[in-house]
Amino acid sequence: MDLVHSHHRRRSLLFFLLLLFFFFFLSACPGSRAEVITLTEETFSDKVKEKDTIWFVQFCVPWCKHCKNLGTLWEDLGKTMEGEDEIEIGQVDCSTSKPVCTKADIHSYPTFKIFYDGEEIAKYKGPRQVEPLKQFVLDEADKAARAKVEAE
């Protein structure tokens with residue numbers, strides 16, 4: 001009986017350690033974290049004012065067919081941009097964060113805007129594909145960096 005109990009206890013401990021490792025691995029694994037940051041009325045202003053950070057933000061509503069048609073585009077862009085210093089990919093749900101969308105002057109969905117130092121610096125109107133979106137935000141980040149250097 002003690003042998004069975006001991007074996008069962010070891011199996012339980014092993015299972016617990018594996019579970020612990022699994023959760024630790026998930027939280028530590030960079031691919032598993034959210035690359036797209038949801039911005040709300042409470043967080044939007046502070047986030048887009050972050051020093052030396054470009055924010056590329058998608059404004060949508062859940063019922064918009066054009067937003068639904070994007071599928072995983074924004075998440076895919078977020079994954080592609082992972083590791084880019086000082087560029088963040090955000091999204092705002094205008095159905096739950098109406099004041100943000102009003103202040104950002106959003107009149108159609110989806111709308112894609114770039115913010116730097118709390119100000120809108122560009123609006124994206126190109127193809128809804130990862131590569132053109134990525135190139136656009138990289139170009140805008142480059143322009144912002146050059147403007148900052150010239151201003152100093």
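Which element gives the most to the lining of the largest pocket? Keep that in mind as you tour this predicted model, where local features need pLDDT of at least 70, side-chain atom pairs count only at pLDDT 80 or more, and totals for chains, interfaces and linings use all residues. Residues are numbered from 1 along each chain as its sequence is written, and side-chain values use heavy atoms, leaving out hydrogens and water.

**Stop one: helix α6.** Select residues 130–151. Helices here are DSSP runs of H or I with at least four residues, strands are E runs of at least two, and both are numbered from the N terminus. Now colour V130, L133, K134, F136, V137, E140, A141 and A144, the buried residues of α6 (under 20% relative accessible area with a 1.4 Å probe, protein chains only; exposed is over 50%, partly exposed in between). Seen down the helix axis, these buried residues fall within an arc of 160° (taken from the directions from the axis to the C-beta atoms), so they line one face. On the other side, E131, V149 and E150 are exposed.

**Stop two: F44.** Show its contacts (heavy atoms within 4.5 Å). Not counting residues up to four places away in sequence, F44 touches L39, V57, F59, V92, V100 and F115.

**Stop three: the pocket.** Select Q58, C60, C67, E75 and Q91, which among its 15 lining residues lie nearest the centre of the largest pocket. A pocket is an open set of points on a 1 Å grid over the protein atoms alone, where a 1.4 Å probe fits, with protein on both sides within 12 Å along at least five of seven lines; lining residues have an atom within 4 Å of a point. As for the opening question, β3 gives the most to this lining, with three residues.

Definitions and conventions: Expected span 1.5 Å × (residues − 1).
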